[in-house]
Amino acid sequence: MRPIPEFAQRTRRYWLIDGLPELFTGGALVLSSLTLFAARFLDASISGIALVMMPALFLAGLLLGRRALDAIKTRTTYSNTGYVEYTELGWSRLLMGTITGFIIIWALFTSLSRFSLPSQLFPVGAGALFALMMLYLGHSLDVKRFYAAALFSLLVGGAASLTMDWYTGHLSVIGLTGVWLAVSGSVTFRRYRRATASQEEAA
Amino acid sequence: MTGAHDYHVDTLDRFIHEPARLMIVALLYSVERADFLYLQRETGLTKGNLSAQLSKLEQVGYVRIEKTFRGKMPLTVCSLTAEGRQAFEQYRARVQQLMAATQQRPYVV
């Protein structure tokens, strides 16, 4: 029998058991950074529209990605280790969360420019923001691999601040954090498949 | 106001108080729905025991059990009913109340 206080944490952690959410999030981050990088070479009005549309695209990607992820998990995970349906956030909370996230990022960048801090600090700021999110996830769900991702984001942010202009550095942080998450997700997925296959053989 | 009756151990919901059922209800409380395989894996109960406990919880109206499909995969999905959710919240409040009362240590001068 398991200790009851662990149930809520274990249940939330179960969503990450196969590494697929990380793989998807990593892929989305890589795609976002490539899109924003390409926007640099486009006409200013087009790239401006692309930037304004980012929250809507992000939200749509989140919802579509969740559906696709659920379909894949049905084939790979639920049949092996069980199915769980989580309480959905609902439209209003999802929208509020996205808006709040963008406001925080906007406030961070505005305050950096208001205090006339060098734009070179933007990439390390982005890295620190990712690191904080990863640390929170790692701590609240007790998933150690997120601590490594946090350290990686911070190091990439620092390196980008020292060697690149703020825009390229900023996108490098997003893209490379995405690559790290995608690789970490793939490794977790392979481990999960191997573990469940050996369990089936044992049964 | 808390009456003396509230501190009686026999006021606890016996259906939830049984350890195996308490695990099932606590687990289902944290999700919308979960299937039999997940519940078995997480609680560590045998198929027979889990099935028996779920049937008892279904009989008192705390748990809803549905046979469904997800794609081509057959699932036995369990969820807490509104009554079950309320019963667990009341049980938790009552246990907290009882445990708080045990914190005072009597002493004599």
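Reader: Taking a polar contact as a pair of N or O atoms within 3.5 Å, where within protein one must be able to donate a hydrogen and the other to accept it, and residues adjacent in sequence count only if both atoms are side-chain atoms, how many residue pairs are in polar contact across the interface of chain A and chain B?
Author: The model is predicted, so local features need pLDDT of at least 70 and side-chain atom pairs pLDDT 80 or more, while totals for chains, interfaces and linings use all residues. Residues are numbered from 1 along each chain, chains are lettered from A in the order written, and side-chain values use heavy atoms, without hydrogens or water. With both residues at pLDDT 80 or more, the number of pairs that the rule finds across this interface is 10.

Reader: Which element of chain A gives the most residues to the side that touches chain B?
Author: Helix 1 (6-14), helix 3 (44-81) and strand 1 (84-85) of chain A each supply at least two residues of that side, helices (H or I, at least four residues) and strands (E, at least two) being DSSP runs numbered from the N terminus. With six residues, the element that gives the most is helix 3.

Reader: Which residue of chain A forms a salt bridge with R33(B)?
Author: A salt bridge is a side-chain nitrogen of Lys or Arg within 4 Å of a carboxyl oxygen of Asp or Glu, and three are found across the interface of chain A and chain B. In one of them the closest N and O atoms are 3.1 Å apart, and the partner of R33(B) is E85(A).

Reader: What is the bridge partner of V84(A) in strand 1 of chain B?
Author: Strand 1 of chain A and strand 1 (residues 33-35) of chain B run antiparallel and are joined by two bridges. Within strand 1 of chain B, the partner of V84(A) is A34(B).

Key
Pairing = 2+ DSSP bridges.
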